[in-house]
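Open the model in your viewer and keep the selection tool at hand. We will go stop by stop.

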Amino acid sequence: MIQHIDVHAVLQESVSGVYADLVTRPTGRVVRERIERAMATAQDPVTVTRIDFTGVGCIDYSCADEIVAKLLRDRRAVVVLSGFWGGPRGGTGRVGGGAGRAAPVEGGDGGGGGGGELEALGAPEAAAALLQDLVARRLAVRTSAGTIALTLA
């Protein structure tokens, strides 16, 4: 099963006012803590958690570090980032690479709802190993076009 977490909705619930941007480390900390609680309280067995950034205008480096990098440190969870195409990807580019880690990013369909191919964001060696691991665990498959896609919906 894939658990879907809408970061824009979490942001709206986490801070007063109407915000579409993820900026400042304290904001990132609040959002990450809510995401972690949602991940910990999932009812069904969760294989992958899709963290969907659709609706987020931008994300700065400190907020990306606070959310994405810290979620990647938990090796038990498979976290797939979604909703970056045409959106907030900018601040996250250095996060995985700086820590020697990578995160799968789902896209290719033009939207944030998933269903597209996977790329890996982060250090090149870690990115290649991550995609291979997802295929080995049967969470992703190589497509006939040579790309990699999630096997779960």
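Strands here are DSSP E runs of at least two residues, and helices are H or I runs of at least four, both numbered from the N terminus. Next, pick glutamate 117, whose bridge partner in strand 7 is alanine 149. Strand 5 (residues 117-122) and strand 7 (residues 148-150) run antiparallel and are joined by 2 bridges. Two strands pair if DSSP finds at least two bridges between them.

This is a predicted model, in which local features need pLDDT of at least 70 and side-chain atom pairs count only at pLDDT 80 or more, while totals for chains, interfaces and linings use all residues. Residues are numbered from 1 along each chain as its sequence is written, and side-chain values use heavy atoms, without hydrogens or water.

Valine 105 stands opposite glutamate 119 of strand 5.

In what order do the 7 strands lie? The order is 1-2-3-4-5-7-6, in an open sheet with mixed pairing. Strand 1 (2-6) and strand 6 (140-142) are the edges, each pairing on one side only. From one strand to the next, the twist averages 40°.

**Helices on the sheet**

Select helix 1 (residues 7-14) and helix 2 (residues 25-40). Helix 1 lies across strand 1 and strand 2 (48-52), at about 50° to strand 1. Helix 2 packs on the sheet and touches strand 1, strand 2 and strand 3 (79-82). The direction of helix 2 makes about 155° with that of strand 1. Angles run from 0 to 180 degrees between N-to-C directions, with axes fitted to C-alpha atoms, for helices over the stretch in contact.

How do the two helices meet? Their axes come within 9 Å and cross at roughly 115°. That makes helix 1 roughly perpendicular to helix 2, a label for angles of 65 to 115 degrees. Show the contact (heavy atoms within 4.5 Å): Val7, Val10, Leu11, Glu13 and Ser14 of helix 1 meet Thr27, Val30, Val31, Arg34 and Ile35 of helix 2.

**Last stop: confidence**

Color by pLDDT, the predictor's confidence in each residue, from 0 to 100. The chain's mean is 80, and 81% of its residues reach 70 or more. Select residues 109-114, where pLDDT stays under 50. Where pLDDT is low, the predicted coordinates should not be read in detail.

Notes
Parallel < 35°, antiparallel > 145°, perpendicular 65-115°, else oblique.
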